[in-house]
Amino acid sequence: MSRRCELTGIGPMVGHSVSHSNVKTKRRFLPSLRQINLQSESLGASFRLKISNAALRTLDFKGGLDAFLVKADDANLSVRARRLKKQIKDKLAEQAA
């Protein structure tokens with residue numbers, strides 16, 4: 001599995017390690033990922049996703065998993081997150097009707 005956040009799409013970046021003598025060697029900056037159980041209020045279930053620590057802070061700020069996924073762009077989401085977003089949208093539409 002790739003080191004990519006399932007909610008924001010953040011992945012490894014490439015840069016240089018610069019020594020004291022200013023010699024530059026290629027290196028990778030890996031995202032700070034963690035596997036965490038997230039609770040969906042509308043579905044009433046928890047889901048285990050691999051997300052970055054910055055995405056976890058954004059989830060807290062936006063008001064939870066449901067609020068984040070409803071407004072999230074599909075291009076950044078993983079396949080699992082897109083399926084989850086569709087389930088949440090369907091459940092919210094069913095509750096509204």
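Modeller: Helices here are DSSP runs of H or I with at least four residues, strands are runs of E with at least two, and both are numbered from the N terminus. Ser42 sits in the loop between E3 and E4. This is a predicted model, in which local features need pLDDT of at least 70 and side-chain atom pairs count only at pLDDT 80 or more, while totals for chains, interfaces and linings use all residues. Residues are numbered from 1 along each chain as its sequence is written, and side-chain values use heavy atoms, leaving out hydrogens and water.

Colleague: Which pattern does the chain follow along the sequence?

Modeller: It reads β-β-β-β-α-α-α. That is four strands and three helices.

Colleague: What makes the chain more spread out than a compact globule?

Modeller: Its radius of gyration is 17 Å, well over the 13 Å that the globule rule gives for 97 residues, so the chain is more spread out than a compact globule. The radius is taken over C-alpha atoms, and the rule is 2.2 Å times the number of residues to the power 0.38. Along the principal axes, the C-alpha atoms fill a box of roughly 65 × 20 × 20 Å.

Colleague: Why is Ser42 called buried?

Modeller: Buried means under 20% relative accessible area, exposed means over 50%, and partly exposed lies in between (1.4 Å probe, protein chains only). Ser42 has 13% relative accessibility, so it counts as buried. Leaving out residues up to four places away in sequence, Ser42 touches Asp66, Ile88, Lys91, Leu92 and Gln95. Touching, or contact, means heavy atoms within 4.5 Å. Over the chain, 31% of the 97 residues count as buried.

Colleague: Why is Asn22 called partly exposed?

Modeller: Its relative accessible area is 47%, so Asn22 is partly exposed. Asn22 lies in the loop between strand E1 (13-18) and strand E2 (24-29). Its phi is positive, about 70°, although Asn22 is not a glycine.

Colleague: What makes Ala67 partly exposed?

Modeller: Ala67 has 27% relative accessibility, so it counts as partly exposed. Ala67 belongs to helix H2. Between Ala67 and Lys26 there are 39 Å in space, C-alpha to C-alpha, and 41 residues in sequence.

Colleague: How do you know that Asp74 is partly exposed?

Modeller: The value for Asp74 is 37% relative accessibility, so it counts as partly exposed. Asp74 is in the loop between H2 and H3. Beyond its neighbours within four places in sequence, Asp74 contacts Arg82 and Lys85.

Colleague: Which residues touch the most other members of the largest nonpolar core?

Modeller: They are Leu7, Leu38, Leu49, Ile51, Leu59, Leu65 and Leu69, out of 18 residues in that core. At least two core residues come from each of strand E3 (33-40), strand E4 (45-52), helix H1 (53-62), helix H2 (65-71) and helix H3 (79-96). A nonpolar core is a set of buried Ala, Val, Leu, Ile, Met, Phe, Trp, Tyr and Cys residues joined through side-chain atoms within 4.5 Å. Leu49 has contacts, beyond four places in sequence, that include Leu7, Leu38, Leu65 and Leu84.

Colleague: How many side chains are positive, and how many negative?

Modeller: There are 19 positive and 8 negative side chains. Lys and Arg count as positive, Asp and Glu as negative; His and the chain ends are not counted. The centres of the two sets lie 13 Å apart, with each charge placed at NZ of Lys, CZ of Arg, CG of Asp or CD of Glu.
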